Amino acid sequence: MARCARLLTVAAALALLSSACVTDTSFNPQTAFNPRSDYANEGLNLFILTIVLGVIIGGVVEIVLVATAIRYRRRAGDPLPPQIHGSTIIEVLWTTGPVLVVGAILFFTLPVIFSTQAPAPPGSINIDVTGHQFWWEFGYLDGNVLTANELHLPVGQTVNLVLHSDDVIHSFWVPALGGKRDAFPGHTNYIWMKPDAVGEFPGQCYQLCGYSHGNMREKAIVQTPTDFQAWLTSQQAPAVTPTDPTAAEGGQLFQTRGCAACHTINGTPAQGKVGPNLTHVASRGVIAGSVLDNTPDGLRTWLKDPPGVKPGSIMPNLGLNDHELDVLVAYLESLK
Ligand SMILES: [Cu+2]
């Protein structure tokens, strides 16, 4: 009995702890219990409904089970009870019961499935979301603005994420916005929602897509419509030509050291399409699929040995020397 009580205490403590963990966003930022869009809310409501129904039914079953075991337990001198085989009433009850329960869940779930699978409402903002090994690309205004790692969204407006993949199957997932949904090569998928709070919400690829699948993160940055428009306008400008001599040397090196074959910098000869568009790379907070902070140190670490940072990285180690690293970092830092 004492052992039983101890076990119960441990179970209760664990339950408390886990309920604190799932909702504490500093401890667990990628929680689905902190919905920040209509879509994420609908998913969470369904989840809570099924959990509540499940706990009620589980509780009733346990109470009946324990009460029956106590009430009808064998007592000394009891005769053998009547031996029966089968009971139509019970068979009917335990067949129809689960059907009713699942039917009830279906009743609440189906409308949500149909409404969220339907095409996005007219007037939504289309954003192209493309999965690459191992980073996410975000395209605005029919591809006129291309950025990586950080998905900027306006609060209170419906955004339609048009999902593509450039190579293998990836899956887009930002728990606060709801989801998840696969991005396929050669097939377009959609996921749409209306973010309802300003803030930064992390996510990650949810479909094993290669060596650095676990390093393929993204971040949704939900802004006020004014901030969002300002960001979008600044992203449409061509790249600035650096005036600082170190950065200018880096700019030239960029065109001759192989970078231009894989990266585009609008307004320069670099038009490569393999890696992220770097026209405004300095305006991003994170690089390389959100694995590194976009600081001079972070950039240097990345350029020095990409596969060392991200195993399997498509960007190779180009064997850059210290001077080349200095000028390239200075150049990239100037691309605001
Ligand atoms: Cu992926």
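Hi everyone. Let me start with a definition: a residue is buried if 20 or more other C-beta atoms lie within 10 Å of its own, with the C-beta atoms placed from the backbone. Please keep in mind that we're looking at a predicted model.

With that in hand, look at helix H2, residues 38-71. H2 is hardly covered: of its 34 residues, the number that are buried is two. How far does H2 reach from its first C-alpha to its last? The answer is 49 Å, close to the 50 Å expected at 1.5 Å a residue.

Now bring in helix H3, residues 88-117. The axes of H2 and H3 come within 11 Å and cross at roughly 175 degrees. That angle makes H2 roughly antiparallel to H3. On the H2 side, the residues that meet H3 are Tyr-39, Glu-42, Leu-46, Leu-49, Thr-50, Leu-53 and Ile-57. Their counterparts in H3 are Val-101, Ile-105, Phe-108, Thr-109, Val-112 and Thr-116. Sorted by class, this contact of H2 with H3 has nine nonpolar residues, three polar and one charged.

Let's move on to the sheet. Three strands make up an open sheet with mixed pairing, in the order S4-S10-S9. Which strands stand at the edges? Those are S4, at 150-154, and S9, at 199-204; each has a single partner strand, so one side of each is left without a neighbour in the sheet. On average, and ignoring direction, neighbouring strands here are turned by 25 degrees against each other.

If you zoom in on S4, you'll see that S4 runs parallel to S10, residues 217-223, and that five bridges join the two. For a landmark, take His-152, whose bridge partner in S10 is Ile-221. Helix H4, residues 225-236, lies across S4 and S10 and runs at about 130 degrees to S4.

My last stop is another helix pair, H5 at residues 245-256 and H9 at residues 322-334. Their axes come within 7 Å and cross at roughly 100 degrees, which means that H5 is roughly perpendicular to H9. From H5, the contact takes in Thr-246, Ala-247, Glu-249, Gly-250, Gly-251, Leu-253 and Phe-254. Facing them in H9 are Glu-324, Asp-326, Val-327, Leu-328, Ala-330, Tyr-331 and Ser-334. By class, the contact of H5 with H9 comes out as seven nonpolar, four polar and three charged residues.

Definitions and conventions. Residues numbered from 1 in each chain as written. Predicted model: local features only at pLDDT ≥ 70, side-chain atom pairs only at ≥ 80, totals over all residues. Axes fitted to C-alpha atoms, helices over the stretch in contact; angles between N-to-C directions. Helix = DSSP H or I, 4+ residues; strand = E, 2+ residues; numbered from the N terminus. Parallel < 35°, antiparallel > 145°, perpendicular 65-115°, else oblique. Contact = placed C-beta atoms within 7 Å. Nonpolar A, V, L, I, M, F, W, Y, C, P; charged D, E, K, R; others polar. Expected span 1.5 Å × (residues − 1). Buried ≥ 20, exposed ≤ 12 C-beta atoms within 10 Å, placed from the backbone. Pairing = 2+ DSSP bridges.
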